[in-house]
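Here are a few exercises to work through with the viewer open. Try each task before reading its solution.

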Amino acid sequence: MTTDKTTSWAYCEAYATEDETAFRARERSLALRLDPVTPASAALLTVLASSARPATVVEVGTGAGVSGLALLRGMPAESVLTTIDTDIRALRAARDTFREAGFETKRTRTISGAAALVLPRLTENAYDMVFVDADVANTAEYVIEGARLLRRGGMLVVNDALHQDLVPQPAQRQEETVIMREVVRTLRDEPRLSTAVVPTGTGMLLAVRR
């Protein structure tokens, strides 16, 4: 087995295809100087949502709606996405994305506010999926709250789990890298969760509550 997986990673990233709605969402992200999930990561989110069939999903870090769109496209018809962001412009862009994709307004709940303040107010054990893609500095707190929200069998997904490929390199000790490394380790050692890390995009950590 070869140790250099660069070619395989690039192939997998290029495998995903996106439509005009997703492309326009990416354009909005660029205009707002936001960094959305990669097309491959978006495709993975759709597959995960299609498989888990969650009725209720929480997203931490709305952006311009790229990841939210991917989740909604995999979620059942009557499900609801609750998405949280501090940037009002991003929330407005995300609502435009969801509307262009044809989703009714009742399918989404956009909340303007700091996730550290919003998440504790959400009902414990009431959600089927939580997706975290927000500021790294507070990711550990978001992950703890996200796990609290999950029903048994619910899934927690953390984007940028490999933090630009720095997490696997012990010599890399930048603050954000250390935070993500600790998040990955903490979830792996949590007995109530079954976890895996996949290299899609900048890495995704998947955790299912037992």
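**Exercise 1: Salt bridges**

Arg188 and Asp189 form a salt bridge, with 3.2 Å between the closest N and O atoms; the term stands for a side-chain nitrogen of Lys or Arg within 4 Å of a carboxyl oxygen of Asp or Glu. The model is predicted, so local features need pLDDT of at least 70 and side-chain atom pairs count only at pLDDT 80 or more, while totals for chains, interfaces and linings use all residues. Residues are numbered from 1 along each chain as its sequence is written, and side-chain values use heavy atoms, with hydrogens and water left out.

Solution. 
- Step 1. Take the classes: buried is under 20% relative accessible area, exposed is over 50%, and partly exposed is in between (1.4 Å probe, protein chains only).
- Step 2. Arg188 has 54% relative accessibility, so this residue counts as exposed.
- Step 3. Salt bridges with shared partners link Arg24, Arg28 and Glu100 into one network.
- Step 4. Arg26 bridges to Glu18, and their closest N and O atoms are 2.7 Å apart. Arg26 is buried because its relative accessibility is 17%, whereas Glu18, at 33%, is partly exposed.
- Step 5. Asp96 meets Arg99 in a salt bridge of 2.6 Å, N to O. Both residues lie in helix α5, 3 residues apart, or about one turn of the helix. Asp96 counts as partly exposed at 24%, and Arg99 as exposed at 54%.
- Step 6. The count by this rule comes to 11 salt bridges.

**Exercise 2: The sheet**

Task: in what order do the 7 strands of the open sheet lie, and which are the edge strands?

Solution. 
- Step 1. The order is β3-β2-β1-β4-β5-β7-β6, with mixed pairing.
- Step 2. β3 and β6 (193-198) are the edge strands, each pairing on one side only.
- Step 3. On average, neighbouring strands are turned by 15° against each other, direction ignored. Axes are lines fitted to C-alpha atoms, for helices over the stretch in contact, and angles run from 0 to 180 degrees between N-to-C directions.
- Step 4. Parallel pairing joins β4 and β5 over 5 bridges, with Val130 opposite Leu156. β5 and β7 are joined by 5 bridges too, but run antiparallel; here Val157 stands opposite Leu206.

**Exercise 3: Around β2**

Task: how many of the 6 residues of β2 (residues 80-85) are buried, and what joins β2 to β1 and to β3?

Solution. 
- Step 1. In β2, 5 of the 6 residues are buried, so the strand is largely enclosed by the rest of the structure.
- Step 2. β1 and β2 run parallel and are joined by 5 bridges; Val60 stands opposite Ile84.
- Step 3. From β1 the chain passes through helix α4 (residues 66-74) to β2 in a right-handed β-α-β crossover. Right-handed means that, with the strands pointing away from the viewer, the path from the first strand over the helix to the second runs clockwise.
- Step 4. β2 and β3 (residues 108-112) also run parallel, with 5 bridges, and Ile84 stands opposite Ile111.

**Exercise 4: The core**

Task: which residues of the largest nonpolar core touch the most other members?

Solution. 
- Step 1. A nonpolar core is a set of buried Ala, Val, Leu, Ile, Met, Phe, Trp, Tyr and Cys residues joined through side-chain atoms within 4.5 Å.
- Step 2. Among its 29 residues, the ones to pick are Val58, Ile84, Leu119, Leu156 and Leu187.
- Step 3. Helix α8 gives the largest share, 5 residues.
- Step 4. Contact means heavy atoms within 4.5 Å. Leaving out residues up to four places away in sequence, the contacts of Ile84 include Val58, Val60, Ile111 and Leu119.
- Step 5. Another core lies apart from this one, with 25 residues, among them Ala25, Val57, Met75 and Leu206.

Definitions and conventions. Helices (H or I, at least four residues) and strands (E, at least two) are DSSP runs, numbered from the N terminus. Two strands pair if DSSP finds at least two bridges between them.
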